[in-house]
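Hello,

I am passing a structure on to you, and my notes on it follow below. Please have a look at it first and then read on.

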Amino acid sequence: MYYSIGEAARITGIAISTLRYYDREGMFPEMMRSSGGIRIFSDKEISILRVEECLKSAGMSIKEIKEFLFWCQEGDSSLQKRRDMFRYRLKEVKKQIEALQKTMNTLQYKCWYYDTAIAAGTEDAVKNLPADRIPEEIREYKI
């Protein structure tokens with residue numbers, strides 16, 4: 001199937017200006033154009049966009065993503081590099097998730113802390129509360 005830039009933007013949730021930027025950066029090496037030079041997105045470009053957005057979310061720069069796309073064009077000779085890149089990114093994302101989990105745990109504890117203080121009318125009610133009086137599910141989150 002073929003799509004206009006507006007349709008590609010709607011399908012992917014990526015701004016038209018970003019799609020134009022990606023094209024200028026050479027991230028759609030096989031994109032077709034109409035006789036008037038208008039970009040024609042195919043299912044292939046939509047798939048590329050989904051992978052690019054995943055890699056961007058995983059912390060890769062545009063330069064690194066372009067290198068990955070170059071490796072894809074190289075074919076089978078770059079399979080190992082591409083697999084290694086994805087394995088590395090997966091490890092990095094797992095580290096990010098662990099860090100975010102710690103942040104979320106602290107936020108949950110602090111929500112409980114302030115909800116309890118507000119209900120009691122004073123922070124003193126929770127400031128020096130013994131551990132066994134803190135709900136078990138958030139006890140370990142106390143800083």
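Before the rest, a word on the basis. This is a predicted model, in which local features need pLDDT of at least 70 and side-chain atom pairs count only at pLDDT 80 or more, while totals for chains, interfaces and linings use all residues. Residues are numbered from 1 along each chain as its sequence is written, and side-chain values use heavy atoms, with hydrogens and water left out.

**The sheet**

An open sheet is formed by 3 strands in the order β1-β3-β2, with antiparallel pairing. Strands (E, at least two residues) and helices (H or I, at least four) are DSSP runs, numbered from the N terminus, and two strands pair if DSSP finds at least two bridges between them. The edge strands, each pairing on one side only, are β1 (2-3) and β2 (32-33).

Between β2 and β3 (residues 39-42) there are 2 bridges, and Met-32 stands opposite Ile-40 in β3. The hairpin of β2 and β3 has 5 residues between the strands, and Gly-37 there takes a positive phi near 90 degrees. On the other pairing, 2 bridges join β1 to β3, where Tyr-2 has Ser-42 as its bridge partner.

**The helix pair**

α3 and α4 pack with their axes 10 Å apart, at an angle of about 135 degrees. That makes α3 oblique to α4: angles under 35 degrees count as roughly parallel, over 145 as roughly antiparallel, 65 to 115 as roughly perpendicular and the rest as oblique. Axes here are lines fitted to C-alpha atoms over the stretch in contact, and angles run from 0 to 180 degrees between N-to-C directions.

**The largest pocket**

α3 (43-57) and α4 (62-74) each supply at least two residues of the lining of the largest pocket, and α3 gives the most, with 6 residues. A pocket is an open set of points on a 1 Å grid where a 1.4 Å probe fits, with protein on both sides within 12 Å along at least five of seven lines; lining residues have an atom within 4 Å of a point. Of the 13 lining residues, Pro-29, Lys-44, Ile-48, Leu-69 and Cys-72 are the closest to the centre of the pocket.

Best wishes
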